[in-house]
Amino acid sequence: NNRGVEPAAKGNYDAAIADYNKAIGLRPRYSFPFMNRGNAWKGKGDYDRAIADFNKAIEIDSKYAVAYHNRGIPYDDKDEHDRAIADYTKAIELDPKYADAYNSRGFAYSRKKDYDRAIADYTKAIELDPKLVLAYNNRSIVYIEKKDYDRAIANYTKAIEFHPKEA
C-alpha cells in the first residue's frame, strides 16, 4: 500500500494500482488500499472504478470520513452533484472539523448555482482552516457570480497572502 503512494503522486497510476492490488490481495479487509486505488482510478479519469473502490473502503470502515469525501469527488466530476453533496455531508457528520469536506461541498453547491450554500460552506472551511487557499479562491468565484466584486477581490487577496504561487 505505502509503496503505491509515490508512483501515484508522480502520476504513474498504473504502477500505483499494481501495488494497491497486491496490498488488497494480502489484506482484503483493509480499507486504505481501496482508498488509494480509488484515488488512482480517479487520477486516470475512471470515475466508476474509483467509486467502486471508495464503496469498498466504506463497506470495510463505515466511519471513514475521508472515504465519503473522496467518493464525492468523482460523483461531482460526473455531474452527480446531489450524490456528491450527500457524501460530503456524511464526511462532515463523521468529522465536523473536516475543512476539505466543507470546501468540496461548497464547490458542488456552486456547480448547482446554489451560491448562498456554497459561500456558507467555503466560510466554514476557512473558519476551520484559515490558510485553505482553495476555499478562498472558490469563494471568490462565487462572489464574482453574485457580482460582489469587492468580496471577490478580498478573498483573492487573502489567498495570495497565504500562498502567492498557488493563488
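My cut-offs are under 20% relative accessible area for buried, over 50% for exposed and partly exposed in between, with a 1.4 Å probe and protein chains only.

Ground rules first. This is a predicted model, where local features need pLDDT of at least 70 and side-chain atom pairs count only at pLDDT 80 or more, while totals for chains, interfaces and linings use all residues. I number residues from 1 along each chain as its sequence is written, and side-chain values use heavy atoms, with hydrogens and water left out.

**Salt bridges**

I stayed with Glu80 and looked up its partners. Its side chain meets that of Lys78 in a salt bridge at 3.7 Å, N to O, and that of Arg83 in another at 3.2 Å. A salt bridge here is a side-chain nitrogen of Lys or Arg within 4 Å of a carboxyl oxygen of Asp or Glu. Lys78 also bridges to Asp48, with the closest N and O atoms 2.4 Å apart. That pair links distant parts of the chain: Lys78 sits in the loop between α5 and α6, Asp48 in helix α4, 30 residues apart. The structure holds 20 salt bridges.

**Cores**

Next I went inside. A nonpolar core is a set of buried Ala, Val, Leu, Ile, Met, Phe, Trp, Tyr and Cys residues joined through side-chain atoms within 4.5 Å. The largest one has 31 residues, and Met35, Ala67 and Ala91 touch the most other members. Elements giving two or more residues to this core run from α2 (13-26) through α3, α4, α5, α6, α7 and α8 to α9 (133-145). The largest share, five residues, comes from α4. Helices are DSSP runs (H or I, at least four residues), and strands are too (E, at least two), numbered from the N terminus.

I then checked Ala91. Beyond its neighbours within four places in sequence, Ala91 is in contact (heavy atoms within 4.5 Å) with Ala65, Tyr68, His69, Tyr98 and Ala101. A second, separate core of 14 residues includes Ala84, Tyr88, Tyr115 and Ile119.

**Leu94**

Leu94 is in helix α6 and partly exposed at 28%. Apart from its neighbours within four places, Leu94 contacts Ser62, Lys63, Tyr64, Ala65 and Tyr68.

**Helix α1**

Which residues of α1 (2-9) are buried? I found Gly4, Pro7 and Ala8. They cover an arc of only 100° around the axis, which puts them on the same side of α1; the arc is that of the directions from the helix axis to the C-beta atoms. These buried residues pack against α2. Asn2 and Ala9 are exposed on the other side. Just after α1, I noted Gly11 with a positive phi of about 85°.

**Surface**

Ile144, Tyr149 and Ile153 make a nonpolar surface patch of about 290 Å². Patches take residues with over 30% relative accessible area and no salt bridge, joining like charges within 9 Å and nonpolar side chains (Val, Leu, Ile, Met, Phe, Trp, Tyr) within 5 Å. Areas come from the Shrake-Rupley method with a 1.4 Å probe; for residues, only the protein chains shown count as cover. Tyr149 belongs to helix α10 (149-162) and is partly exposed at 45%. Asp116, in helix α8, is exposed at 53%.
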